[in-house]
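Let's walk through a model together, one question at a time. Have the sequence and the 3D view at hand.

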Amino acid sequence: MTVVGPFGLSVRDQALETDVQTGLAAVEEGLLDATKSEVPFITEAARHLVRAGGKRFRPLLVMLAAQFGDPHAPGIVPSAVVVELTHLATLYHDDVMDEADVRRGVASANARWGNSVAVLTGDFLFARASHILADLGPEAVRIQAEAFERLVTGQILETAGPREGQEPVGHYLDVIAGKTGSLIAVSGRFGALMSGADERVVDILTQYGERLGTAFQLADDVLDIASDSHESGKTPGTDLREGIPTLPVLLLRAQAAEHGRPDDVELCELLDGDLADDARLAEVLRRLRAHPALEQARRDTIRYAEEARASLAPLPECYAKSALEELCDAVVHRAG
């Protein structure tokens, strides 16, 4: 049993391991090639997050989905580079919007070079992804365009907040379906499509990616509160400090509004205060870690991961299917 990739997936078949490892190595080369510019400064900025590492979760999913067709088909690695470039570009933009100082354990691009450079670098990565897509055909361009529209829509929904009368948790799930689920769904779709897999298989792996993407984001929400490590690439409490809504906080606020328990109301008031103060943030983390809302968020993470696993049922039994099922376990494990 071999661990493959930074995400820590264990693979039990030598041929599958070789295909995945070879594919991910080719993706790394493709990322370096796509982020190279004739202007050295652009190269430095564009490669900033590539070199910082990351889980490469989306390329890994592309490689596994490709196992249901021809895993060596020429479009697989380029499509994996496209989804990772798109993901990286959104990180540059997200850090500007969130005023984040750290990403993947290094200074964010906006902290290092300023907001304008960070935004333009993200745009540069989107342009490079589009250039690669052009060689993959109009269907690939359409799929990516639809996913990008969903991604941006999710970001706008998050910025605008719930509409009047809309339940905040439902709104949040819509947000992450767009911001996170859309691109992970495309990863499964591209892998299957580029490998020439049957249309039914392509649909199954798209739906799998959609559900797994939601579980993946919810696990990050839990990790931001529950972890004392740097598993997420960010200091625990980063989302809280930046005022980013996460599922445990939304569940807490819903319980406080419904039941009005003094401890819940007080914790909400702490969350609404200045979390730049380290002692205040530590107190909020301590209380959230003991609150039932965190356990509810874990249960919701597990539910979406199990839905992802169940969606794989029609696929033939093989090592690739087992690996996709294990990805569900890995996502749940991150949430504790």
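Q: Are Phe 57 and Phe 216 buried or exposed?
A: This is a predicted model, where local features need pLDDT of at least 70, side-chain atom pairs count only at pLDDT 80 or more, and totals for chains, interfaces and linings use all residues. Residues are numbered from 1 along each chain as its sequence is written, and side-chain values use heavy atoms, leaving out hydrogens and water. Buried means under 20% relative accessible area, exposed over 50%, and partly exposed in between (1.4 Å probe, protein chains only). By that scale, Phe 57 and Phe 216 are both buried.

Q: How many residues of H4 are buried?
A: Helices are DSSP runs (H or I, at least four residues), numbered from the N terminus. In H4 the buried residues include Phe 57, Arg 58 and Pro 59. The helix is largely enclosed by the rest of the structure, because the buried count is 9 of the 9 residues.

Q: What kind of aromatic pair do Phe 57 and Phe 216 form?
A: Rings of Phe, Tyr and Trp (its six-membered ring) pair if their centres lie within 6.5 Å; planes under 30 degrees apart count as stacked, over 60 as edge-to-face and the rest as tilted. Phe 57 and Phe 216 lie 4.5 Å centre to centre with 10° between the planes, so the pair is stacked.

Q: Which parts does this pair tie together?
A: The partners are 159 residues apart in sequence. Phe 57 lies in residues 57-65 and Phe 216 in residues 199-226, so the pair ties together helix H4 and helix H10.

Key. Helices (H or I, at least four residues) and strands (E, at least two) are DSSP runs, numbered from the N terminus.
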